[in-house]
Amino acid sequence: MHPQSSQDFLAAFNAASFEEAQALLKPCVDIPRWASEISFARPFATPAELLSFAELAAPDWTEAEIDGALAHHPRIGEKAAGSGSEARMSRSEQAGVSTAADVQERLLAGNRAYEERFGRVFLIRAAGRSAEEILAALSERLDNTAEDELEVTASQLREIAILRLEGLLTP
Ligand SMILES: NC(=O)NC1=NC(=O)NC1=O
């Protein structure tokens with residue numbers, strides 16, 4: 001099923017079985033509670049209605065949900081391999097990140113420092129951001145407490161999920 005327009009995606013999403021609807025949402029973020037709440041709330045009359053519901057669905061993602069979803073997010077600077085929609089989305093989101101050797105080295109060091117401190121992948125909404133902006137955010141966030149940083153990570157994960165859902169609705 002490859003809908004060609006936002007109405008197509010919306011129509012297909014509304015008409016899908018519960019399981020299919022959840023599967024359609026999975027590339028946005030792999031948090032079943034989020035996908036279930038949205039799938040239960042169908043039908044949506046407009047793309048905007050679906051997006052605003054999705055922004056608020058399944059509030060307060062747990063650390064376990066976040067870490068489960070992060071398994072699907074390549075590090076910043078790593079080009080996602082594979083042909084799936086998640087890998088394709090990740091590659092386009094990271095398209096603005098320079099692949100220059102010096103930038104890649106700084107990203108590698110930053111990701112490593114972040115992972116040593118917080119025990120999970122550094123996650124940021126990469127779309128529209130340059131490597132310099134991402135590196136600046138990374139170093140700032142290294143000073144966060146673990147608790148604050150989990151909140152920041154959750155908000156970035158949700159932002160990416162909504163951007164991906166928008167992308168599905170407006171291919
Ligand atoms: N580690 C990451 O932040 N990964 C990503 N950020 C995005 O916006 N897309 C990704 O794959």
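A helix crossing is called left-handed if the near helix is turned anticlockwise from the far one by less than a right angle, and right-handed if clockwise. In this predicted model, local features need pLDDT of at least 70 and side-chain atom pairs count only at pLDDT 80 or more, while totals for chains, interfaces and linings use all residues. Residues are numbered from 1 along each chain as its sequence is written, and side-chain values use heavy atoms, with hydrogens and water left out.

Helix α5 (residues 63-70) packs on α9 at about 55°, the axes lying 11 Å apart; axes are lines fitted to C-alpha atoms over the stretch in contact, and angles run from 0 to 180 degrees between N-to-C directions. That angle makes α5 oblique to α9 (under 35 degrees is roughly parallel, over 145 roughly antiparallel, 65 to 115 roughly perpendicular, and the rest oblique). On the α5 side, Glu63, Ile66, Ala69 and Leu70 meet Leu150, Thr153, Ala154 and Leu157 of α9, contact meaning heavy atoms within 4.5 Å. By class that gives six nonpolar, one polar and one charged residues, where Ala, Val, Leu, Ile, Met, Phe, Trp, Tyr, Cys and Pro count as nonpolar, Asp, Glu, Lys and Arg as charged, and the others, Gly among them, as polar.

Now for α3, which has two packing partners described here. With helix α2 (residues 18-25), α3 makes an angle of about 125° at an axis distance of 9 Å, and α2 passes α3 in a right-handed crossing. Phe18, Ala21, Gln22 and Leu25 of α2 face a set in α3 that includes Trp34 and Ile38; the contact of α2 with α3 has eight nonpolar, three polar and no charged residues. Helix α3 (residues 32-40) also packs on helix α4 (residues 47-56), at about 140° with axes 10 Å apart, so α3 and α4 are oblique to each other. This crossing of α3 and α4 is right-handed too. Trp34, Glu37 and Ile38 of α3 touch Leu50, Phe53 and Ala54 of α4.

A search of the whole structure also turns up one cavity of 30 Å³ or more (on a 1 Å grid over the protein atoms alone, a set of points where a 1.4 Å probe fits but cannot get out; lining residues have an atom within 4 Å of a point). The largest cavity has a volume of about 90 Å³, the space filled by probe spheres set on grid points joined across faces, edges and corners. Its lining includes His73, Ser90, Glu93 and Arg164.

Definitions and conventions. Helices (H or I, at least four residues) and strands (E, at least two) are DSSP runs, numbered from the N terminus. On a 1 Å grid over the protein atoms alone, a cavity is a set of points where a 1.4 Å probe fits but cannot get out, and a pocket is an open set with protein on both sides within 12 Å along at least five of seven lines; lining residues have an atom within 4 Å of a point.
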